[in-house]
Protein chains: 2
Amino acid sequence: LNALGKHLLIELYDCSPGALDSLETVSATMVEAANSVSATIINVAEHKFQPLGVSVVVMIAESHLSIHTWPEHGYAAVDLFTCSDTMSPSVVVDLIREAFGSKRVTTMEVHRGIIAPVLTGSSA
Amino acid sequence: LNALGKHLLIELYDCSPGALDSLETVSATMVEAANSVSATIINVAEHKFQPLGVSVVVMIAESHLSIHTWPEHGYAAVDLFTCSDTMSPSVVVDLIREAFGSKRVTTMEVHRGIIAPVLTGSSA
């Protein structure tokens, strides 16, 4: 079975609340993360919530990279959805873990769009 | 245990390729889906791929709603990430299923940001 997309759900706990509440830090980190895997950035949408929290969604030609932060809980949810086989998600995980000072990270990979392979005829 | 976010991963198979390749249809459907659950739209990013495919990401105050389509496979991946308990995801699923003529839909709900509750003291 082939998957059209790979979707990595990243949970970052015990982060620096200050980093998670800085729109500038979060946005720069997500753009750097996209660049670290040579993604082609199409659009960056960002929003600062009051009093706390930031959302940034980076639309890339290979799908998207998003983050929503809860500084009051030291938590951020990051999604890396790609349709490229050549990207190395671990580079992104390491980069954002360091940027936000996360002491505990969990990840889950979900294969999106499971398409049955086209069976070719066999002469055997 | 409490979750800060609810993330619904929706797989739409056997869709109408024409609908999936129309930026206008896909974008309007995603905005309608956001409105159907009374989400507050912050930003809509959209992109048409050549020759086939569309990406739309709707940033909402409650997190995000995204879609990536593969018309050549009749498939679309939709994500509904919310931090609101009052939203009814089934409304969104029904709406997009109908808009794209999908004959097979699977969903997976992931709880994001599992935070242990603060235990209050007991006098017992």
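In this predicted model, helix α2 (residues 23-36) of chain B packs against helix α3 (residues 89-100) of chain B at an angle of about 160°, and their axes lie 9 Å apart. The axes are lines fitted to C-alpha atoms, for helices over the stretch in contact, and the angles run from 0 to 180 degrees between N-to-C directions; helices (H or I, at least four residues) and strands (E, at least two) are DSSP runs numbered from the N terminus. α2(B) and α3(B) are therefore roughly antiparallel to each other, on a scale where angles under 35 degrees count as roughly parallel, over 145 as roughly antiparallel, 65 to 115 as roughly perpendicular and the rest as oblique.

On the side of α2(B), the contact (heavy atoms within 4.5 Å) is formed by B:Thr25, B:Val26, B:Thr29, B:Met30, B:Glu32, B:Ala33 and B:Ser36, which meet B:Val91, B:Val92, B:Leu95, B:Ile96, B:Ala99 and B:Phe100 in α3(B). The residues of this contact of α2(B) with α3(B) comprise nine nonpolar, three polar and one charged, where Ala, Val, Leu, Ile, Met, Phe, Trp, Tyr, Cys and Pro count as nonpolar, Asp, Glu, Lys and Arg as charged, and the others, Gly among them, as polar.

In chain A, helix α2 (residues 23-36) and helix α3 (residues 89-100) pack at an angle of about 160° with their axes 9 Å apart, which makes α2(A) roughly antiparallel to α3(A). The crossing of α2(A) and α3(A) is right-handed. Among the residues of α2(A) in this contact are A:Val26, A:Met30 and A:Ala33, while those of α3(A) include A:Leu95, A:Ile96 and A:Phe100. The contact of α2(A) with α3(A) divides into nine nonpolar residues, three polar and one charged.

These helices belong to a chain with three helices and six strands, as counted in chain A, whose elements run β-α-α-β-β-β-β-α-β from the N terminus on. Taken along the principal axes, the C-alpha atoms of chain A fill a box of roughly 65 × 30 × 20 Å.

Some backbone details deserve attention. A cis peptide bond, with omega about 5°, joins A:Gln50 and A:Pro51, and A:Pro51 sits in the loop between β2 (41-48) and β3 (54-60) of chain A. In chain B, the peptide bond from B:Gln50 to B:Pro51 is cis with omega near 5°, and B:Pro51 has its place in the loop between β2 (41-48) and β3 (54-60) of chain B. A:Ser63, a residue other than glycine, has a positive phi near 125° and is found in strand β4 (residues 63-70) of chain A.

Chain A can be laid on chain B with an RMSD of 0.0 Å by a turn of 180° and a shift of 0.0 Å along the axis, the superposition being by least squares on the C-alpha atoms of residues with pLDDT of at least 70 in both copies. That is the relation of a two-fold axis. Because 100% of the interface residues of chain A are also interface residues in chain B, the copies meet through the same surface.

As for confidence, chain A averages a pLDDT (the predictor's confidence in each residue, from 0 to 100) of 93, and 94% of the residues score at least 70. The predictor gives the complex an ipTM of 0.91 and a pTM of 0.92. Residues are numbered from 1 along each chain as its sequence is written, and chains are lettered from A and ligands numbered from 1 in the order in which they are written. Local features need pLDDT of at least 70 and side-chain atom pairs count only at pLDDT 80 or more, whereas totals for chains, interfaces and linings use all residues, and side-chain values use heavy atoms, with hydrogens and water left out.

Terms used: Left-handed = near helix turned anticlockwise from the far one by under 90°.
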